[in-house]
Number of protein chains: 2
Amino acid sequence: MTISSVDIHEVGPREGMQFEGIGDPSRIATGEKVRLVDALSGTGLSAIQVTSFVSPKAVPQMADADEITTAFSAAPGVTYDAVYLNDKGLLRAIDCGRYTIRGQVMLTASETFSVKNQRRTTAEDIEMQRKMAAVYAEHGYAIEQGMLMAAFGCNYEGDIPLQRVIDMTATLFDLAAERGSMLSEVMLADTMGWADPLQMQRTIGAVQDRWPDVDVSLHLHDTRGTAMANTWTAMQMGVRKFDTSIGGLGGCPFAKSVAGNVPTEDLAFMCDRMGIETGVDVAALVDCVRIAEEVVGHPLPSRVGHASLVAA
Amino acid sequence: MTISSVDIHEVGPREGMQFEGIGDPSRIATGEKVRLVDALSGTGLSAIQVTSFVSPKAVPQMADADEITTAFSAAPGVTYDAVYLNDKGLLRAIDCGRYTIRGQVMLTASETFSVKNQRRTTAEDIEMQRKMAAVYAEHGYAIEQGMLMAAFGCNYEGDIPLQRVIDMTATLFDLAAERGSMLSEVMLADTMGWADPLQMQRTIGAVQDRWPDVDVSLHLHDTRGTAMANTWTAMQMGVRKFDTSIGGLGGCPFAKSVAGNVPTEDLAFMCDRMGIETGVDVAALVDCVRIAEEVVGHPLPSRVGHASLVAA
């Protein structure tokens, strides 16, 4: 199979600022966060996740989400989006008018993690998805994407049985069907970084077998060093859309020792070497790694960001 | 293909101390270097590279190689080896009596890098290999392993054509044949960390096609984030032996911004998850990451070493 192109969805500004502000929410000035988003807009990236509309009580480091949303400069040809975990957040994202809204339903394969991260049991989470689906419907959005978090393992529950992944993915399809929608994309998230390549093959294979017309996409954290191997495994299975974060920014405040996503520049470099189009300029991404490190005030896990790029 | 086991050759003590001492050779006390080797001996690793017998003038941080060699405690069932780049170094390794000696010929696919790293042109390097082959023969060692450095790219010369890799590998076989030996192993080194998975497939495939009975092994640096993806790609092609370094220790003093090898604990963890036997105890390796970080005085690139290991 020749892989001609891969879509990169940059999630660093959201992942990074959610994580970096833990315990000291005002450490990074809002202007600095905006500076990073604006820098990323000039790299050829076509999709950037800017911030998260969550409760400032639960996640104080995201209290400036509205301010960031007003302040960043939207570049032509780039879509911007935000994260929201409930109907209130979704309405903020719709109302601001600056984000691409795509109907989404999202569940978590580990109930323990759902309770820690979303503060909802699975049953409560399903109800919240219905509530959000109603908001999407009111505003004319079809439900296109289903997302399953912690699909490959959980720091609290351990292994996630493949059957549970399939069952909960089926629930995502059901939730979309309740609104007359058919999902076109299933995003599987290795939220806590447990996946290995064989598990990737089994899991993606099972989802593709059951829903052959649906695109699988991935959100992988590199907590245990397997994310690039998993990414390449998935690419060979036809996966063409990945969440990545500049410099490897990020982590998860609700699970200890969780690393950031696959560094954007590392995936883009690997694709470049293989003649796989990503549309991004790796050298421009490396400049953004430097900016991201200035913004957060410490080195990031990026490899390409710290290596010489050209043979010289 | 079911992969039942993988052999890990730990090269961290040598890679790490070669790199960490640049500019300040006495920064790390000899006893600390020995402490790391001894800790690694208790992890289930079966092969550990301890040090490098190179000229203390060229590489002052290796001036304590003899001292380390005398001081470490050999554990039963573990083999220890050293690096040497010329006949003098080889004789030191043989004479000390503490290292497993395996007849080896080694060339570099980039002549520019050969001159920088070995201070020899390719022609001079071939002559040195003949000289070393004579020493092996005098001491009754067959030439078993051929190693090709910079086989996947060079910071100075850029891409390395596949034909050059094949031609130079053929030269390694010729050098062994001059001594009546047939190589049983070809180790390809991505010394400066340029390889991508498709290149891995092309290169390993070409070597396997030409020499079907020979084992390919790999020495991969993670300079640009591709090493784990490359490792997994190679495993799927039948490669079963990898050099790795604890914590991702290392780098190369003769090429700027070169990262260490694949972290031992990251590869071991990935194998564990997939039911692939490595013989090592990942938790014990994580303890060694902590020791390695104490020894060098800064955090290492390890992922597993900084993550929670068990679901808890």
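**Two-fold axis, interface and packing**

Q: Which residue of chain A comes closest to the rotation axis?
A: Ala229(A), with its C-alpha at 1.9 Å from the axis. This is a predicted model, where local features need pLDDT of at least 70, side-chain atom pairs count only at pLDDT 80 or more, and totals for chains, interfaces and linings use all residues. Residues are numbered from 1 along each chain as its sequence is written, with chains lettered from A and ligands numbered from 1 in the order in which they are written.

Q: What rotation superposes chain A on chain B?
A: One of 180°, with 0.0 Å of shift along the axis and an RMSD of 0.0 Å. The two copies are thus related as by a two-fold rotation axis. The superposition is by least squares on the C-alpha atoms of residues with pLDDT of at least 70 in both copies.

Q: How many residues does the contact take from each chain?
A: The contact takes 34 residues from chain A and 34 residues from chain B; two residues are in contact if their C-beta atoms, placed from the backbone, lie within 7 Å. On the chain A side, helices H8 (197-210), H9 (227-236) and H10 (264-273) each supply at least two residues. Helices (H or I, at least four residues) and strands (E, at least two) are DSSP runs numbered from the N terminus.

Q: What about the classes on that side of chain A?
A: They divide into 16 nonpolar, 10 polar and 8 charged residues. Ala, Val, Leu, Ile, Met, Phe, Trp, Tyr, Cys and Pro count as nonpolar, Asp, Glu, Lys and Arg as charged, and the others, Gly among them, as polar.

Q: Why do the copies meet through the same surface?
A: Because 100% of the interface residues of chain A are also interface residues in chain B.

Q: Over to H9 in chain B: how many of its residues are buried?
A: In H9(B), 9 of the 10 residues are buried, among them Ala229(B) and Trp232(B). Buried means 20 or more other C-beta atoms within 10 Å of the residue's own, exposed 12 or fewer, and partly exposed in between, with C-beta atoms placed from the backbone. Just after H9(B), Gly238(B) takes a positive phi of about 100°.

Q: How do H6 and H7 of chain A pack?
A: At an angle of about 35°, with their axes 10 Å apart. Axes are lines fitted to C-alpha atoms, for helices over the stretch in contact, and angles run from 0 to 180 degrees between N-to-C directions. Ile126(A), Gln129(A), Arg130(A) and Ala133(A) in H6(A) meet Thr171(A), Leu175(A) and Glu178(A) in H7(A). By class, that contact has 3 nonpolar, 2 polar and 2 charged residues.

Q: In which sense do S5(A) and S6(A) pair, parallel or antiparallel?
A: Parallel, over 4 bridges; strands pair if DSSP finds at least two bridges between them. Leu148(A) stands opposite Leu188(A) in S6(A). Of the 6 residues of S6(A), 5 are buried, so the strand is largely enclosed by the rest of the structure.
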